Amino acid sequence: MSLTVRRSLRLAPMAIALASLVAPARAADFSGLVDIGGGRKMYLECSGMGSPTVVLIAGKGNGAADWSEVLDPADPAHEADYDALAWGKGGLHKSESAVFPMVSRFTRVCAYDRPGVRLDGPDQSTPVAQPHPADQAANDLHRLLTAAGETGPYVLVPHSYGGVVATLFARTWPSEVDGLVMVDTVTPLMRQIANPEAVAKWDAFNRRSAPEAPEAVMLTDAFAKIDATAPLRELPAVVLAADKPWQPPSAPKDSDPVAGVTFADWQVSEKLLATSLNAKLVTKTNSGHNIYAYSPQLVIDAIREVVDAVRKGEPKVGH
């Protein structure tokens, strides 16, 4: 299966606390294209006031709009014992209870579109060659935030493929990132669990681009580039893991997922990720892969925990 469902200078505690109380000039709501140089523009939307700024990083093929949508609590897809959204069940709709609008109530929050995640509209991000390398995506995000005047410190909140983008961003500009909320993300630690053939198949599947789904990603290349960077310093972090299997119970038990790795592999990788980050791990999510749609309040609560820890200068959530 694909990674996602179409529709991933450190301030002193007192300075952070003061910054969260002052409404800077940049804090006006914004949505639209931002010129990032090189003849390219990217779509960005930001809302709310305060520091740190939360940056939402969508999964493969997904963009800013996903963080403003939810699966209605009454939708039968919630009762399925597998990831029904991944199989085209259920319906997403824009909601004030979604992650983006809710986070904007307690701090600054931004979401954006990578190239190739949206097929229509006048404010599409300038296309790039696909598949694209994850370090290019991290550089694009840094250029976008800089050009828009959205300064750090940042709390990065990636989903799925966004996890490798966030990891490269945090390792490349470590002084600008003060917290992480990893929402069922891809991690290089998968190589410790799945066999090389499965990882290669996973990579090959996600390198595919199509007119109806242009964005394509390079996972093993991203893993190698992460390996070449310095490890992250300890940050307040939360890892949220999906608990609804990718496949329906009717699927053969020995069937091989299209993406190579299995759901069991994925669950173990999320636990290893939490351990590697010394992060709080949330596994009871009653959710498929898109946790922000199934259980948005869990994501919102995790973000608030990390934001609060950053503001207090604490190295972990819950201290």
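**Before starting**

This is a predicted model, in which local features need pLDDT of at least 70 and side-chain atom pairs count only at pLDDT 80 or more, while totals for chains, interfaces and linings use all residues. Residues are numbered from 1 along each chain as its sequence is written, and side-chain values use heavy atoms, with hydrogens and water left out.

**Stop 1: the disulfide**

Select Cys 46 and Cys 110, which are joined by a disulfide with an S to S distance of 2.2 Å. A disulfide is here a pair of cysteine sulfur atoms within 2.5 Å, and by this rule the count comes to 1 disulfide. Cys 46 belongs to strand S2 (residues 40-47) and Cys 110 to strand S6 (residues 109-112), so the link ties together parts that are 64 residues apart in sequence. Helices (H or I, at least four residues) and strands (E, at least two) are DSSP runs, numbered from the N terminus. Viewed about the S-S bond, the link of Cys 46 and Cys 110 has an angle of 115° and is right-handed.

Are these two cysteines buried or exposed? Cys 46 counts as buried because its relative accessibility is 2%, and Cys 110 counts as buried at 1%. The classes are buried (under 20% relative accessible area), exposed (over 50%) and partly exposed in between, with a 1.4 Å probe and protein chains only.

**Stop 2: helices H4 and H6**

Next, select residues 162-172 (H4) and residues 219-227 (H6), whose axes come within 10 Å and cross at roughly 20°. H4 is therefore roughly parallel to H6. Axes are lines fitted to C-alpha atoms, for helices over the stretch in contact, and angles run from 0 to 180 degrees between N-to-C directions. Angles under 35 degrees count as roughly parallel, over 145 as roughly antiparallel, 65 to 115 as roughly perpendicular and the rest as oblique.

Which residues of H4 and H6 meet? Display Val 164, Thr 167, Leu 168 and Arg 171 in H4; they meet Ala 222, Phe 223, Lys 225 and Ile 226 in H6, where contact means heavy atoms within 4.5 Å. By class, the contact of H4 with H6 has 5 nonpolar, 1 polar and 2 charged residues.

**Stop 3: two cis peptide bonds**

Select Ser 51 and Pro 52: the peptide bond from Ser 51 to Pro 52 is cis, with omega near 0°. Pro 52 sits in the loop between S2 and strand S3 (53-57). Then move to Gln 130 and Pro 131, also joined by a cis peptide bond, with omega about 0°. Pro 131 is in the loop between S6 and helix H3 (134-148).

**Stop 4**

Select Thr 275 in helix H7 (residues 263-277). Thr 275 is exposed, with a relative accessible area of 62%.

Continue to Asn 278, in the loop between H7 and strand S10 (280-282). Phi of Asn 278 is near 55°, a positive value in a residue other than glycine, and Asn 278 is partly exposed at 35% relative accessibility.

Finish at Asn 286, in the loop between S10 and helix H8 (291-294). Asn 286 has a positive phi of about 50° although it is not a glycine, and its relative accessible area of 45% makes Asn 286 partly exposed.

Notes: Nonpolar A, V, L, I, M, F, W, Y, C, P; charged D, E, K, R; others polar.
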